[in-house]
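Please keep the sequence and the structure in view while reading.

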Amino acid sequence: MIGISACLAGICCRYDGGTQKISELAELAANGQARLICPEVLGELPTPRNPAEILGGDGSDVWNGTARVMDTAGNDVTEAFKAGALKALTQLQELGIDRIILKERSPSCGSRMIYDGSFSGNKVAGVGVAAALFQQHGIRVFSEENWRQAVSDN
Ligand code: SF4
């Protein structure tokens, strides 16, 4: 079994209430071959919610305490992001999941690129809060850009 960002499997849990569905990934979930997780929903943030970005670094820096997650209304949502990531990690570990396909560029799920914290659409290299935590615990992280590799490793 693999993990998948819920929004990639058709769940409307994105900040704007939308989804980023990839049919093949939705099918894996429907067939019981994948566990869907949304760290932000697990952190008890509402859907829809204000867009959020990491200020001062990336997800690894959030865990180090040197970066924060802020939303467009100026709310500090760092603790909700961390709590949701920790809950997601527990769920993955309970199922023995060692690889996950996460939505690229999300402040939670990005694995190569995230937005730079200026809310101006600029992207920088970096990982999201949940992706950083999963990697720190030995979970291999893929994205919608290389997900076939995760599935073929099954
Ligand atoms: S936190 Fe991850 S799973 Fe949830 S909507 Fe954002 S990108 Fe998708």
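The points below concern a predicted model and are grouped by topic.

The largest nonpolar core of this model has 29 residues, and the ligand sits in the largest pocket.

**Nonpolar cores**

- In soluble globular proteins, nonpolar side chains tend to be buried together.
- Within the largest nonpolar core, the residues with the most contacts inside it are Val69, Ile100, Leu102 and Phe134.
- At least two residues of this core come from each of strand E3 (52–55), helix H4 (78–94), strand E5 (99–102) and helix H5 (129–136).
- Another core, of 11 residues, lies apart from it and includes Ile2, Ile4, Phe142 and Trp147.
- Isoleucine 100 is in contact with Gly3, Ile4, Ile37, Leu92, Phe134, Ile139, Arg140, Val141 and Phe142, leaving aside neighbours within four places in sequence.

**The ligand and its surroundings**

- There are 14 residues around the ligand, and those that come nearest are Cys7, Cys13, Cys38, Glu40 and Cys109.
- The shell around the ligand is made up of seven nonpolar, three polar and four charged residues.

**Serine 143**

- Strand E8 (residues 140–143) contains serine 143.
- Not counting residues up to four places away in sequence, serine 143 touches Ile101, Leu102, Glu104 and Ser111.
- Although serine 143 and serine 5 are 138 residues apart in sequence, their C-alpha atoms are 9.0 Å apart in space.

How values were computed:
Residues are numbered from 1 along each chain as its sequence is written. This is a predicted model: local features need pLDDT of at least 70, side-chain atom pairs count only at pLDDT 80 or more; totals for chains, interfaces and linings use all residues. Side-chain values use heavy atoms; hydrogens and water are left out. A nonpolar core is a set of buried Ala, Val, Leu, Ile, Met, Phe, Trp, Tyr and Cys residues joined through side-chain atoms within 4.5 Å. Buried means under 20% relative accessible area, exposed over 50%, partly exposed in between (1.4 Å probe, protein chains only). Helices (H or I, at least four residues) and strands (E, at least two) are DSSP runs, numbered from the N terminus. Contact means heavy atoms within 4.5 Å. A residue is near a molecule or strand if one of its heavy atoms lies within 4 Å of it. On a 1 Å grid over the protein atoms alone, a cavity is a set of points where a 1.4 Å probe fits but cannot get out, and a pocket is an open set with protein on both sides within 12 Å along at least five of seven lines; lining residues have an atom within 4 Å of a point. A molecule sits in a cavity or pocket if more than half of its atoms lie within 2 Å of its grid points. Ala, Val, Leu, Ile, Met, Phe, Trp, Tyr, Cys and Pro count as nonpolar, Asp, Glu, Lys and Arg as charged, and the others, Gly among them, as polar.
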